[in-house]
Amino acid sequence: MAQELQLNITGTESEEESSIETELTIHPMIDSKRKDLGWWINMAKYTFFVLGGQSAGTLLGRLYFAKGGKSKWLSTVLQLIGFPAFIPLYYILLGLRSQGSNYYYRRNKPKPMSLAIICIALGLLVAANSILYSIGLQDLPVSTYSLICASQLAFNAIFAFFLNSQKFTPYILNSIVLLTVTSTLLIFQNNSSDSSGVSKGKYAIGFVCTVVASAGFSLMLSLTQFAFERVLKTQSFVAILDVCIYQQLIATCFTIIGLFSSGQWQTLKSEMDGFESGKVSYLMTIIWIALTWGAFTIGALGLIVQVFSLFSNVISTLGLLLIPVLAVIFFHEKMDGIMVMAMLLAIWGFISYMYQHYLDCNKNKDQNPKVSENQA
């Protein structure tokens, strides 16, 4: 009887330790071990995926339209269809279970119904955002498009306040105001639309679609973090791939239906034949668009789970601020006074948020030793 009581007590203590460990895993911002070598490697990997995937995907998407591509639905599908490239990685990581790795497989397996609801909801939201992004990218110069997309950081701060318990500080409010002013300035930026051959009406449609898509993208990030914290309760890479693959699969199916129902699939062969750089360049362009956006998705989800949805959006915003410079180099776009002012304000807003993140990190450093002492 004494042995059974001792076993029960031991089991209870083990469950409590597992609960504490799981809680720390779900909230890596307060994990005292979050700055070990593995954490930095994962951060570098996800950041590279976000910056490289977004920059290359946006520029290649603009190249597709600039060289003769006309299908908004195909452009949308290409943003989503790269997920099969990550299926082999998924099964490789599953094989690491036999090696006892805790990071690469999920500690708490969610219910199939919960996972299905999350993936369907996020997949439909991603599909809607992607078509709006495609409209904006077709109708706007890539530099203007990327600076408008930077408003997603302000939207994410608002959604994170309601969904992820993100606190509004003076630096975050300053960032929201600056990024809002950035988008407002671009409303009066008419020279770019004239020089690119786009009417003011299409410019206005592209502007509105891009702003709405940025808000939707921010909502998706906050909902994803909410799902990982409250439902999936894990930060493993396999769980990230789970959500990514199923979410992209649902979004891809939805946009493929749109491609065929719109009739744009019938013009794809003539589009490839008339592509200015040739058929091979056309195929390489659409393949790399798919792969780069797939890499971006993995990186964005990884940063959400490792840190916070708002931090993932900050890294994405950093990439958006690099795109206007790349657009000047590769597309020879001009940057007038309004564009330069908007870019500087966007950079200021980015720095303002990053400084707040720096303060939060220092605060967590000071609190972690106290937490360790209390647990001891």
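## Salt bridges around Asp273

In this predicted model, Lys269 pairs with Asp273 in a salt bridge, with the closest N and O atoms 3.3 Å apart. The term requires a side-chain nitrogen of Lys or Arg within 4 Å of a carboxyl oxygen of Asp or Glu. Both Lys269 and Asp273 belong to helix H12 (residues 268-273). They sit four residues apart, about one turn of the helix. Helices here are DSSP runs (H or I, at least four residues), numbered from the N terminus.

Asp273 also meets the side chain of Lys279 in a salt bridge (3.3 Å, N to O). Shared partners join Lys269, Asp273 and Lys279 into one network. The structure holds two salt bridges. Lys269 is exposed, at 57% relative accessible area. Asp273 is partly exposed at 40%, and Lys279 is partly exposed at 46%. The cut-offs are under 20% for buried and over 50% for exposed, with partly exposed in between (1.4 Å probe, protein chains only).

Helix H6 spans residues 142-149 and is mostly covered. Eight of its eight residues are buried. Among them are Val142, Ser143, Ser146 and Leu147.

Two packed helices are described by the angle between their axes and the distance between the axes. The axes of H6 and helix H10 (residues 200-232) come within 9 Å and cross at roughly 35°. Axes are lines fitted to C-alpha atoms over the stretch in contact, and angles run from 0 to 180 degrees between N-to-C directions.

From H6, Thr144, Tyr145, Ile148 and Cys149 take part in the contact. They meet Tyr203, Phe207, Thr210, Val211 and Ser214 of H10. Contact means heavy atoms within 4.5 Å. By class, the contact of H6 with H10 has six nonpolar, three polar and no charged residues. Ala, Val, Leu, Ile, Met, Phe, Trp, Tyr, Cys and Pro count as nonpolar, Asp, Glu, Lys and Arg as charged, and the others, Gly among them, as polar.

## Ala154 in H7

Ala154 lies in helix H7 (residues 152-163). Ala154 counts as buried because its relative accessible area is 7%. Ala154 touches Ile176, Leu179 and Thr180, leaving aside residues up to four places away in sequence. The C-alpha atoms of Ala154 and Tyr353 are separated by 9.9 Å, with the two residues 199 apart along the chain.

## Basis

Residues are numbered from 1 along each chain as its sequence is written, and side-chain values use heavy atoms, leaving out hydrogens and water. Local features need pLDDT of at least 70, side-chain atom pairs count only at pLDDT 80 or more, and totals for chains, interfaces and linings use all residues.

Note on methods
Helix = DSSP H or I, 4+ residues; strand = E, 2+ residues; numbered from the N terminus.
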